[in-house]
Amino acid sequence: MYGYIGSIKTKPGRRDDVVSILLAGVEGLRNAGCHLYVVGSAHADDNTIWVNEVWESKSHHDASLQLPETKAAITQAMPMLTGEFTSQEFTVQGGVGV
């Protein structure tokens, strides 16, 4: 299984709006091969969002980025983002919920 952890920086006051966008289309992710999708807010920074994902494979994750709902969410969120992102890919070895 493929894992991904990323952070997204939002413009001041826009974090909750972006979180709402990220969570709006989660229903279709399972059908796209997603096993885990968690969106969280950083405690120490009012402008940072963390996203943790586990997918059947990297190709499933990459294909999800081409879904119409995903593209629409990205388009809607982009004006609220600073452009600062971090990411880490990893191989899932196991754990609770996977």
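Residues are numbered from 1 along each chain as its sequence is written, and side-chain values use heavy atoms, with hydrogens and water left out. Because the model is predicted, local features need pLDDT of at least 70 and side-chain atom pairs count only at pLDDT 80 or more, while totals for chains, interfaces and linings use all residues.

The chain holds three helices and four strands, where helices (H or I, at least four residues) and strands (E, at least two) are DSSP runs numbered from the N terminus. Followed along the sequence, these elements give the pattern β-α-β-β-α-α-β. The C-alpha trace spans about 35 × 30 × 20 Å along its principal axes. The radius of gyration of the chain is 13 Å, which agrees with the value near 13 Å for a compact globule of 98 residues; this radius is taken over C-alpha atoms, and the globule rule is 2.2 Å times the number of residues to the power 0.38. Of the 98 residues, 33% count as buried, meaning under 20% relative accessible area, with exposed over 50% and partly exposed in between (1.4 Å probe, protein chains only).

The four strands come together in an open sheet with the order β2-β3-β1-β4 and antiparallel pairing. Strands β2 (34-41) and β4 stand at the edges with a single partner strand each, so one side of each has no neighbour in the sheet. Neighbouring strands are turned against each other by 15° on average, direction ignored; the axes behind such angles are lines fitted to C-alpha atoms, for helices over the stretch in contact, and angles run from 0 to 180 degrees between N-to-C directions. Seven bridges join β2 to strand β3 (residues 48-55) in the antiparallel sense, and two strands pair if DSSP finds at least two bridges between them. Within this pairing, V38 stands opposite N52 in β3.

Four salt bridges are found in the whole structure, each being a side-chain nitrogen of Lys or Arg within 4 Å of a carboxyl oxygen of Asp or Glu. In one of them, D45 and K9 meet at 2.4 Å, N to O. This pair connects distant parts of the chain, with D45 in the loop between β2 and β3 and K9 in strand β1 (residues 2-10), 36 residues apart. Both partners are partly exposed, D45 at 21% and K9 at 26%.

Another salt bridge joins K58 to D62, with the closest N and O atoms 3.2 Å apart. These two residues lie in helix α2 (residues 58-64), four residues apart, about one turn of the helix. K58 also meets E89 in a salt bridge (3.4 Å, N to O). Since K58 lies in helix α2 and E89 in strand β4, the pair ties together parts that are 31 residues apart in sequence. Through shared partners, K58, D62 and E89 form one network. Each is partly exposed: K58 at 38%, D62 at 32% and E89 at 41%.

The surface also carries a nonpolar patch of M1, L36, V38 and V98, with about 280 Å² of accessible area together. Patches are made of residues with over 30% relative accessible area and no salt bridge, joining like charges within 9 Å and nonpolar side chains (Val, Leu, Ile, Met, Phe, Trp, Tyr) within 5 Å; the areas come from the Shrake-Rupley method with a 1.4 Å probe, and for residues only the protein chains shown count as cover. V98 sits in the segment after β4 (81-91) and counts as partly exposed at 37% relative accessibility.
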